[in-house]
Amino acid sequence: MIPILSPSQAASRTDGDFITAFIWRKSPILERIQSAIKENSCGQLRSLRFTWLRPARAAVSEAEFLYDVLAAIIDGAQVLADAPFAGLHITRAAGQNNLFALLGFTHGVVAEIEMNECLPDTMSDMCTLRANFTHGHVSNHPLVGHCNEEGMLLATADHLDANLIAESHLLEPARGPIEQMQLRFNTAARMTLDKDPVVQGPLNARAINSLIKGALS
């Protein structure tokens, strides 16, 4: 079985006998935006906005937050923008997994990235993506009110909890969109007959690793 490596691990490898965990490539909303780009249903892509929100109890290490979680988002942005990087700016909260990043591409598309793993422990995981086009947008981000995209979150006076997402018989039910995306990626990586298989190798892991290091220096 081909191993799945984190983006930071993949960046240090010279072979291609593994799969890089660029999990956003299997995000349902990213795949929907890819279809809109291919079909030219909304015009030209102009900008992107990624959000990654988790309670403090689910926070990862600082290195993983930057070189794995952020790296996977940057990869997802480049998949949609389909252009070389023009630059990356990162503003971080000291000592916390909390940042805002602005990622530019050579053809003018810009991606905003908001990441926060310092939320109250009563909150559930949430990740969203909005793509702005010349003639509209595609997004799973709520336009108004509380986050309740497709029934993923249940809010009461006492607590906020994620409902189980049962996408298909091929996937175990997932608690929230982050777990759903991870399950979709892992399942596709194991299925050689998947209609859109996960590509082996480091892909652009090394370039992304260098981009992040440069922005933090």
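D75 is buried, with a relative accessible area of 0%, where buried means under 20% relative accessible area, exposed over 50% and partly exposed in between, calculated with a 1.4 Å probe on protein chains only. This is a predicted model, in which local features need pLDDT of at least 70 and side-chain atom pairs count only at pLDDT 80 or more, while totals for chains, interfaces and linings use all residues. Residues are numbered from 1 along each chain as its sequence is written, and side-chain values use heavy atoms, with hydrogens and water left out. Side chains of opposite charge can pair when their charged atoms come close.

**The pair R25 and D75**
- D75 forms a salt bridge with R25, their closest N and O atoms being 2.7 Å apart; a salt bridge is a side-chain nitrogen of Lys or Arg within 4 Å of a carboxyl oxygen of Asp or Glu.
- R25 lies in the loop between β2 (19-20) and α2 (28-39), and D75 lies in helix α3 (residues 62-81), so the pair ties together parts that are 50 residues apart in sequence; helices (H or I, at least four residues) and strands (E, at least two) are DSSP runs, numbered from the N terminus.
- R25 counts as partly exposed, at 26% relative accessibility.

**The pair E31 and R184**
- The closest N and O atoms of the salt bridge between E31 and R184 are 3.3 Å apart.
- Because E31 lies in helix α2 and R184 in helix α4 (residues 177-190), this pair ties together parts that are 153 residues apart in sequence.
- Salt bridges that share partners join K26, E31 and R184 into one network.

**The whole structure**
- A search of the whole structure finds eight salt bridges.
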